[in-house]
Amino acid sequence: MGAVTAGLAGCLTRENGGNGDGDGDGDGQLEIASYTSFVEGNFEDAPSPAEWLTEAFEDEYPDTELKWTVPENGINRYVRDAKQGNEIGPDVYLGLNVDDLVRIDETFGGQLFDPIDRDELENVDRVRDDIDFGDPDDRVIPYDTGYISLVYDESAVETPKTLDQLLESEYESEFVVQNAQRSDPGRAFLLWTIDMYGEDGYLEYWEDLQANDTLIGDSWTDTYYGPYDNEERSVIVSYSTDQVFYAGGDLTRHQVAFLDGKGYENHEGMAVFADSGNAELAHEFMDFALTGEAQAAIAEKNVQFPAVADEHVDLGEDFYDHALEPDESITFTYDELEGNLSGWVDEWGRTIAQ
Amino acid sequence: MSGGNWLERHALGLAAALTAGALVVMLYFPIGVVFANAAFVEGVPTLEPVRDVLTDPFYVGSLAAVFENPLAIGSHIGALADWIGSSSISPTVVTPLPGIDLPLPWLSIQTPGFRGGLFGFTAYQATLSTVASVALALPAAAILANYEFRGRRTIRSLTILPFVLPGIMVAVGFYAMFGQAGTLNSLLGLVGLGPVPFMQFSPLVIVILAHAFYNAPLIARITVAAWESIDTRTVDTARSLGASRRRAFRDVVVPQLLPAVLTGALLTFVFTFMTFPIVLALGGLELATVEVWIYDRMRQLEYAEAATLALLETVLSLALTYVYLRYESAQTGLARVDARTAREPLFPDVRTALSPRRLAIGCYGVIALVVFVGPMASLVVGSVTDASGFTLGHFSFLLERQLDGAAFQTRPFPAIRNSLLFGVGTLALAVPMGVVVSVLTARAGWSGTIVETLAMVPLAVSGVVVGIGLLQGLVFGIELPYGWQFEVTGPVAIVVAHAVAAYPFVTRNVSPLLSNLDPTVVESARALGASRIRALLDIELPLIASGIVAGAAFAFAISIGEFSSTVILAGGTDAYTMPVALERYLGRRSGPAIAMGTILLFVTASSFVVIDRVGGRFER
Amino acid sequence: MTELRLESVSKRYGANEDGTAALESVDLRVRDGEFFTLVGPSGCGKTTTLRTIAGFEEPTTGTVSFDGEPASGTKPENRDVGVVFQNYALFSHMTVAENIGYGLQFLESEGDPSSDRRIAELLELVDLEGMGDREPDQLSGGQQQRVALARALAPEPSVLLLDEPMSALDARLRESLRRQLKRIQERLEITTVYVTHDQEEALAVSDRVAVMNDGAVEQVGPPETVYRDPASRFVAEFVGDNNVFEARVLESSAEETRVEIGDRTFRVPALEGERNLERSGERGLERSGERGLKQSGKRGPEQSGDRGRPSVADRMTICIRPEHLSRTASTNRFPVTVETSEFLGPTVRVHGRWNGIPVVLALEEVPTEELTVGFAPEDARLVERSP
């Protein structure tokens, strides 16, 4: 039936026609939805995290098959489907952060993901104590974490040390940041400014940034490929692992600055869709993702930091030569974001756009 | 004499019914599903969402007060008078390029206290973009239509190439061309100039230039088609009656070109009114348009607000389209579509090459090279360089991905193949659809204008609305009585969706030519025994081949460039296209995506040349 | 061999029944093999009539029939007509031969190898031998029109329809082409309907002429009859030059009628019902239909047969052809003040006035400023009575 459907523009089917659901429950196939770079990879000469996981997992669990899918608009696709009562195809979503979770709960009243059955996860205790989504329903298992920081060109500007410094003439027409409505690092930076200046002061800070000719671009790729790569801007909001991609080359334009010694920490997690019929296999997969081997591979190939404590992963010292960690990190918990996030972003958007 | 079989006699009616069916399923139904959110809250009809938007100064600026209290006309007029009284326009001198002391006259407009809101700004930038696009397009059209030179046909075929580039590639191309480390500054550096921070002059100007990059070629293409159909004998007649070259141009050529130029301007306005990724990428959120907010509201699942914004956007675009079409139908058919145009050689000899006219053409050529070719050439250069210089690494990555990629990964070859298949399928479907709509609406008067306005809906509806509508309505299936379910996905659905998006271009290219065609030519064929459909195929279509070829090229371009419905209808299948593949290759390094963008450019460029050459066989 | 008939054909444009009428109850019969011309000023409905016959327009009411077969609902391609338009309407993307051959493919014997021979025959018929490979653009206007004619004749239609085919050509070419057309028409004996606004052309080529005005037929008859005995003031004025006078009847007898025009009394022929009918040149359906309906607004149907002697003080319109006004005539004389004169070769056309009424004369030499002319009573024609 599936093949026929794919070939036709319109297809009339009749429900209760026997085993209509081709994605049979309990079989060995696990469908995982994720984002493009996790599936397609970050390096031209190395497999993507998804490729590595697939191979390793299928070796470990014969008779299973991992299938990856990249939905347009990320998790939003499934929130929309769930809201309409449509069946959700994949079993696992990999690539959630805490603001996604808050947004899901703000826009969709029902249950998109099931709570984790921690008893099924042998390796769950390895996760670093400070990596916690703070989710009241305990739906997410972290698989890696990363730090949003500034990346700058040391030949063009002084090392930026504080948020306030970005308002100085040294950085006039030099700073570029992403759109908090649509970009994870952009939203992280916005939250950072809220953490720093408070709900009442952050908009004023952003108006000052605008006055200093800061470019508030769109996605990370837009801002990095465009103004930053072409030397139009010398300071950008990016990831603290930036140098990993340029190791062995000229790092002048890939200096990492942690303002006030901090970075905004962004945990990435995975969760099991409530309507998945494959929760058991999903848990096996998540547990596998927390093994030392998988954690090292995810960290290297996804260019983030492991979610498990150092003693449970062997990453080799040179990993940390270019993947830099701040002394301190800031992050908003579920409780802090709940009921506030969309309001903060909306206010911010209206301030910038006028 | 027999009138052919049943099928032949009803061919036109059948084609019209199929077109209507495709439109209903792939367009009107999905957008209806979304727009319903603006008019119904929990199933109850309401004006609440519309009122909310219209009274929000963020969206409509100073007009919010008017909508708040629409009947207080007196006080609104008073406020308007005060505002006009306190506004002023004064000529000033500005030096737009930092670092270069080049003073330019500029009209500075002071309008205290007026806020245009998101809609006002969107209309403002669309107007400026339209003016800039027309200004850049007309010289190109004039040169392509009136001068003969090597590569003229190829350049004409390639004019709409920018049209297929995803927004991010245009943004990257612009930075790679005009950035401080960009191609233009490297060239200026060779002669000891610069670097000039072009991109920092004004984000608005950069955005307008990028809009012109997209749309000027479109205006040029439509205008060239019209220009080539002007009978040079009418110009000769005017000149023999004593008109100067300039006068003959004004009195004879301009009136015949105007509908084409205005068509292009209308399309440009509608497109730039709904501009989205390019404004954010080049201008930033400060230059946000209505479309940016539609996406944001959709993302927040605020459907009522999103649908209302999208509906207002569509209504404004359609109103403008209707006004234009009324104007167009009021024009009498002047052009003879079977005309032959005599072109002069561009540079016949050195002396002519140094004439003021040729020098002006040369100057324009340089501008066109910088604005149109520059960003694309810079992309191509970017695909074969990295920090250490020349490299084929990005392409070898694509090759490896093709050969060794996992089943769930995106491979370049299927993307190229799908793009071409969908493009050809779209062309094959959109051309008949567009022609049928033209045939039915041309000479149908007032009702024809309404139908043709509705036929333009695909261009006037925000892409996200169609996408969400498809998802809500069709991809997951519509429940029908007795347990039946109707669902729409897969390659054929993609082609139909592309054709629905593309056929207005065919109609816009074909309609003016068709209504200019002498009706007695068709009647002669009918009297000789040809059915309506045979007369269309044998007589009308060959006579308006230039418009059909232009429309076919546009249809192909729309299919190649289309993103949102493709990705939705492709679902988890392998029906992804080149822009989708490009999007998936956007990683922490730009190389693979830019390499894919380069492949997209070359594949599309070759296709355009092929379409034009094949189509040219039918042109005279 | 086809007889064409239009019965009570009306055509209205607009949404409802009282939209603008383009044709008002037209009845016509075109005989088999006849060269029949529709003539009238622009907007009179002649082209609409032709388009209705071709099937490009459907009549609002009434029927068009070919040999007694009603053609309602029959599409143009199934009507067996050939059409030639004013602007030739050649297919500019085809050669001359392809143009001529276009209609042959739709005949029953499609792909008949004889079609090349047929094209050659037609080229010869219109004196364009060897021009088959030319493109229409390479031909002169007259040649293009002959290609259009050959193309229309190629499928051997039973009716040939020509819509102002000559009006884009210069005068001399027009004359030679219409002689050629007439020759071909006679040779093929094809039923032909010819539309023109040029009454001279209409008189020159036609077997019979229908003069149309305002969507209705004013008069049908052979050219001589229409010229000599116009059935209405409109026909009198439209066909050829004419002098039209409003007259008041003073006295009417079996021999003659005495009328008053201005301050003078004139003698004109007697009024007789039979003579009126005979003069209009037609009998039967066509005749009564045309006149009765055209004048139905002015005169009730019960009056239409009442063509007896007018009572004293009846008003009527009389006309006299310029060539019947002579300086030597002994009767019905009146003075004319000359305004302009045009030298035409054999004659001089003189425009002048009498009592403020425009007068046109055909004289043999350029006249003096004032002259007196007269006419024989039998040369005057009574065309219309106004109660």
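## Basis of the description

A residue is called buried if 20 or more other C-beta atoms lie within 10 Å of its own, exposed if 12 or fewer do, and partly exposed in between, with C-beta atoms placed from the backbone. The structure is a predicted model, in which local features need pLDDT of at least 70 and side-chain atom pairs count only at pLDDT 80 or more, while totals for chains, interfaces and linings use all residues. Residues are numbered from 1 along each chain as its sequence is written, and chains are lettered from A and ligands numbered from 1 in the order in which they are written.

Side chains alternate along strand β3 (residues 65–69) of chain A; strands here are DSSP runs of E of at least two residues, helices are runs of H or I of at least four, and both are numbered from the N terminus.

Strand β2 (residues 29–33) of chain A pairs with β3(A) in the parallel sense, over five bridges; two strands count as paired if DSSP finds at least two bridges between them. Within this pairing, A:L30 has A:L66 of β3(A) as its bridge partner.

## Domains of chain A

Chain A is assigned domain 1 (29–146 + 266–322) and domain 2 (148–264 + 335–353), with bounds that come from an automatic or database domain assignment. The C-alpha centres of domain 1 of chain A and domain 2 of chain A are 27 Å apart. Between them, 12 residues of domain 1 of chain A are in contact with 15 residues of domain 2 of chain A, contact meaning that the C-beta atoms, placed from the backbone, lie within 7 Å. Helix α5 (residues 98–107) of chain A gives the most to the domain 1 side, with five residues. By class, that side has three nonpolar, six polar and three charged residues. Ala, Val, Leu, Ile, Met, Phe, Trp, Tyr, Cys and Pro count as nonpolar, Asp, Glu, Lys and Arg as charged, and the others, Gly among them, as polar.

A:E317 is found in the loop between β11 (305–306) and α10 (319–322) of chain A. A:E317 counts as exposed because it has 6 C-beta neighbours inside 10 Å. From A:E317 to A:F175 the separation is 142 residues in sequence and 32 Å in space, C-alpha to C-alpha.

## Nonpolar core and chain B

The largest nonpolar core has 379 residues; such a core is a set of buried Ala, Val, Leu, Ile, Met, Phe, Trp, Tyr and Cys residues joined through C-beta atoms within 7 Å. A:M270 and B:A555 have the most contacts inside this core, and helix α12 (residues 203–228) of chain B gives the most to it, with 17 residues.

Chain B has 31 helices and 10 strands. Of its 620 residues, 51% are buried. Among contacts in chain B between residues at least 6 apart in sequence, 78% join residues at least 24 apart.

## Interfaces with chain B

The contact between chains A and B takes 62 residues from chain A and 61 residues from chain B. On the chain A side there are 18 nonpolar, 28 polar and 16 charged residues.

Chain C contributes 23 residues in contact with 20 residues of chain B. Strand β6 (residues 81–84) of chain C supplies the largest share of the chain C side, three residues. That side comprises 12 nonpolar, six polar and five charged residues.

## Domains and sheet of chain C

Chain C is assigned domain 1 (4–225) and domain 2 (229–271 + 309–386), whose C-alpha centres lie 37 Å apart. Seven residues from domain 1 of chain C and nine residues from domain 2 of chain C form the contact.

An open sheet of four strands in chain C has the order β17-β16-β15-β18, with antiparallel pairing. β17 (357–363) and β18 (370–373) of chain C stand at the edges with a single partner strand each, so one side of each has no neighbour in the sheet. Strand β15 (residues 334–343) of chain C is joined to strand β16 (residues 348–354) of chain C by six bridges, and C:F343 stands opposite C:V348 in β16(C).

Definitions and conventions: Contact = placed C-beta atoms within 7 Å.
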